[in-house]
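This briefing is intended to be read alongside the sequence and the coordinates.

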Number of protein chains: 2
Amino acid sequence: MRMKTEQTRQRIVDAAYQCFWRSGFTRTSIDSIADRAKLTKRTIYSYYQSKDDLLAAVLNYHNDLAGKRLSHIGDQMPADPDGMIESFFDQLARWVAATPRWAGPGFTKLVVELAHLPGHPARSIARRHKATTETWLAERLSKAKVAFPAERAREIMLLMEGSMALTLIHGNRTYIDAAKDASRRLIKSGK
Amino acid sequence: MRMKTEQTRQRIVDAAYQCFWRSGFTRTSIDSIADRAKLTKRTIYSYYQSKDDLLAAVLNYHNDLAGKRLSHIGDQMPADPDGMIESFFDQLARWVAATPRWAGPGFTKLVVELAHLPGHPARSIARRHKATTETWLAERLSKAKVAFPAERAREIMLLMEGSMALTLIHGNRTYIDAAKDASRRLIKSGK
């Protein structure tokens, strides 16, 4: 029974994530989440009191998931700086290509949508996620003996975020390749 | 009378832009646009048939405006590459700092919000705007005798877009400064 409950909870969170990601938070209704999860609205409300509650659950779950995805990306990265950068952006490009109707980076999208609500929990969760990714990158670069790893990690974050926005706008992977190339030159540029 | 009509039209477009920018397209109602423009809903509907019509008008107007803003930014830029980059990002930082409750870059925001509607006119207008900015930057860099100006312009676009997203997420200008610094090193990195 307990198992069943956890499965249902997960099904709701998965459906909500898909809906929020594709259509945005505002545009998503509890009805559309119920449809996607193949559950009744009543069942959803027995787990989550409101759409905001559900958003918090989705963000926390995907923060954990994003952490696991980083480890997975890290496992596939070679140890040399050039190979590391290449692998990082190639995995990003594969994620974009493998997702039908890719709708942009999830955390950034939610923050952009909720930007007019400065105290919204989505912002602090997104901020934490970005900071975690930046630190993770800096540690990797440091192990690979790249000079000024914290500065280079920040620049790679900028190029990655920029490439996600411009890939969404232009609809092709030119910008991911350009970000990879720029990152490779920056890690050799000293300071 | 004709003058009055144009003024009213402009007042509606200005109010709609402010509303869309701050709250997003979906969240904005014709009522809230009417409130901000201090006009009746009826007047608004006598100019624009729907919120989508109004969005197209807002985007076209702001595409023109963005062109003028680029010329203005260009006028203030020194001719040397380093000074050019510095001025470009400093003007960006001043725009962010001077705007109370800055809500992110307008065109990118709308595309992110409307990403699930691939044929939406907002996307082609945003794409055109980004392409214009990139070409404009490449021409400036070329005049300043920077090597590979098209490649460098693309990288500066990536860093600028990334800095807008991360400034919105983190709430401080660290990322604009980092983007400026990376751009300066990239224009010296050759190819």
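**Surroundings of A:Ala16**

Leaving aside neighbours within four places in sequence, A:Ala16 is in contact with A:Ile33, A:Leu54 and A:Val58 (contact meaning heavy atoms within 4.5 Å). The model is a predicted one, in which local features need pLDDT of at least 70 and side-chain atom pairs count only at pLDDT 80 or more, while totals for chains, interfaces and linings use all residues. Residues are numbered from 1 along each chain as its sequence is written, chains are lettered from A and ligands numbered from 1 in the order in which they are written, and side-chain values use heavy atoms, with hydrogens and water left out.

- A:Ala16 belongs to helix α1 (residues 2–23) of chain A; helices (H or I, at least four residues) and strands (E, at least two) are DSSP runs numbered from the N terminus.
- With a relative accessible area of 0%, A:Ala16 is buried (buried meaning under 20% relative accessible area, exposed over 50%, and partly exposed in between, with a 1.4 Å probe and protein chains only).
- A distance of 7.8 Å separates the C-alpha atoms of A:Ala16 and A:Leu55, which are 39 residues apart along the chain.

**Interface of chain B and chain A**

- The contact involves 46 residues of chain B and 47 residues of chain A.
- About 4,000 Å² is buried between chain B and chain A, 65% of it on carbon and sulfur atoms; buried area is the accessible area (1.4 Å probe) that two parts lose on being put together, summed over both.
- On the chain B side, B:Leu158, B:Ile169 and B:Arg185 lose the most area to chain A, together 18% of what that side buries.
- There are 2 salt bridges between chain B and chain A, a salt bridge being a side-chain nitrogen of Lys or Arg within 4 Å of a carboxyl oxygen of Asp or Glu.
- A:Glu155 and B:Arg185 form a salt bridge, with their closest N and O atoms 2.2 Å apart.
- The side of chain B that touches chain A draws at least two residues from each of α1 (2–23), α6 (106–113), α7 (121–143), α8 (149–170) and α9 (174–186) of chain B.
- Helix α8(B) provides the largest share of that side, 14 residues.
- Sorted by class, the side of chain B that touches chain A has 21 nonpolar, 10 polar and 15 charged residues; Ala, Val, Leu, Ile, Met, Phe, Trp, Tyr, Cys and Pro count as nonpolar, Asp, Glu, Lys and Arg as charged, and the others, Gly among them, as polar.

**Nonpolar core and buried residues**

- The largest nonpolar core has 131 residues, of which A:Phe88, A:Phe89, B:Phe88 and B:Phe89 touch the most other members; such a core is a set of buried Ala, Val, Leu, Ile, Met, Phe, Trp, Tyr and Cys residues joined through side-chain atoms within 4.5 Å.
- Beyond its neighbours within four places in sequence, B:Phe88 is in contact with B:Ile73, B:Met77, B:Trp136, B:Leu137, B:Ile156 and B:Met160.
- B:His129, in helix α7 of chain B, is buried at a relative accessible area of 12%.
- With neighbours within four places in sequence set aside, B:His129 is in contact with B:Asn63, B:Ala66 and B:Phe107.

- A:Lys145 has a positive phi of about 65° although it is not a glycine, and is found in the loop between α7 (121–143) and α8 (149–170) of chain A.
- A:Lys145 is exposed, its relative accessible area being 74%.
- B:Lys145, in the loop between α7 and α8 of chain B, also has a positive phi, near 65°.
- B:Lys145 counts as exposed, at 75% relative accessibility.
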